[in-house]
Amino acid sequence: MHVQDSRWSSAVASGATMSAVSGGRPDGTRSTPLRVDAQRNLEHVLRAAREVFGELGYGAPMEDVARRARVGVGTVYRRFPSKDVLVRRIAEEETSRLTEQARAALGQEDEPWSALSRFLRTSVASGAGRLLPPQVLRVGVAEERGLPEHARLPQQRTQPAAELRLVPEERAEDDGGAAELLDVVGQLVERARAAGELRADVSVSDVLLVIATAAPSLPDAAQQAAASARLLDILLEGLRSRPS
């Protein structure tokens, strides 16, 4: 799983400055139509970026993206004046894709558990989990709360807590669609919980963690699909509530 803070707080500033020079907008778009060859190069760069960032994380260098797209690195920088601008573009597109998948599941499945599991299966199969942006979640370690000394496991008595959690960043005005994604996934989670089919302690962050975890990057496409499906089956069983 590659959930990385790619320092894109600098994206807006650096992108805006360099875009003014290149004649584009900070998000990598242009106000005038691209030539056919330029449009083709853009599509190659975006496809390559999704592949490279999906495999290596958002820390992968622009040179890797250019090599995969079979263009010069200067071509990439002419279209995206900084790596942060390209990262933001990819992350926003994947966030939008996940939001649409969640909406489709919410609107087309009557059963709450079917809706949630459909969303998870669709999103994992699309590989979008490998491209979840930093403003949607961060991985951290939660502090232990409320457990008396005698209730802790031996290793917990001698070291900090080890509960893995996802920590949403504070939402900025321009959050790349993250707030909308969290809202729609939240509706899926609440429906499944209210129906008694989802464990009461499962949060939206847990669901996003499943998406990111169940989307491994393997060199063989068939192996990757099989591994994702198998891992997701196991994770879904862990999310379901059990009769008392």
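A crossing of two helices is called left-handed if the near helix is turned anticlockwise from the far one by less than a right angle, and right-handed if clockwise. By that rule, the crossing of α6 and α10 is right-handed, whereas α5 passes α8 in a left-handed crossing. We will come back to both pairs after a look at the whole chain.

What you have above is a predicted model, in which local features need pLDDT of at least 70 and side-chain atom pairs count only at pLDDT 80 or more, while totals for chains, interfaces and linings use all residues. Residues are numbered from 1 along each chain as its sequence is written, and side-chain values use heavy atoms, with hydrogens and water left out.

The protein contains 10 helices and 2 strands; here helices (H or I, at least four residues) and strands (E, at least two) are DSSP runs, numbered from the N terminus. Read from that end, the order of elements is α-α-α-α-α-α-β-α-β-α-α-α. Of the 244 residues, 40% count as buried, where buried means under 20% relative accessible area, exposed over 50%, and partly exposed in between (1.4 Å probe, protein chains only). Contact means heavy atoms within 4.5 Å. Among contacts between residues at least 6 apart in sequence, 70% join residues at least 24 apart.

Let us begin with the interior. A nonpolar core is a set of buried Ala, Val, Leu, Ile, Met, Phe, Trp, Tyr and Cys residues joined through side-chain atoms within 4.5 Å. In the largest such core, which has 31 residues, F119 and L120 touch the most other members. Helices α5, α6 (112-126), α8, α9 and α10 (221-239) each supply at least two residues of this core, and its largest share, 7 residues, comes from α8. Beyond its neighbours within four places in sequence, F119 is in contact with L98, Q101, A102, A105, V185, L188, V207 and I211. A second, separate core of 22 residues includes L42, M62, A66 and V87.

Now for the helix pairs. Helix α5 (residues 83-108) and helix α8 (residues 178-194) pack at an angle of about 30°, with their axes 9 Å apart. Axes are lines fitted to C-alpha atoms, for helices over the stretch in contact, and angles run from 0 to 180 degrees between N-to-C directions. Angles under 35 degrees count as roughly parallel, over 145 as roughly antiparallel, 65 to 115 as roughly perpendicular and the rest as oblique. Helices α5 and α8 are therefore roughly parallel to each other. Their contact is made by T95, L98, T99, A102, R103, A105 and L106 of α5 and A178, E180, L181, V184, V185, Q187, L188 and R191 of α8. These residues divide into 9 nonpolar, 3 polar and 3 charged; Ala, Val, Leu, Ile, Met, Phe, Trp, Tyr, Cys and Pro count as nonpolar, Asp, Glu, Lys and Arg as charged, and the others, Gly among them, as polar. Leaving aside neighbours within four places in sequence, L106 is in contact with V184, Q187, L188 and R191. L106 and R191 are 85 residues apart along the chain, yet their C-alpha atoms are separated by 9.4 Å.

Helix α8 also meets α9: their axes come within 9 Å and cross at roughly 100°, so α8 and α9 are roughly perpendicular to each other. The contact is made by L181, L182, V185, G186 and V189 of α8 and V204, V207 and L208 of α9, and these residues divide into 7 nonpolar, 1 polar and no charged. In helix α9 (residues 204-213), 8 of the 10 residues are buried, so this helix is largely enclosed by the rest of the structure.

Then comes the pair from the opening. Helices α6 and α10 pack at an angle of about 150°, with their axes 11 Å apart, which makes α6 roughly antiparallel to α10. The contact is made by W113, S117, L120, R121 and V124 of α6 and S228, L232, D233, L236 and L239 of α10.

Finally, look at helix α3 (residues 62-69), which holds V65. At 0% relative accessibility, V65 counts as buried. Apart from its neighbours within four places in sequence, V65 is in contact with V45, A48, A49, V52, F53 and L86. R70, in the loop between α3 and α4 (73-79), counts as exposed at 80% relative accessibility. Phi of R70 is near 60°, a positive value in a residue other than glycine.
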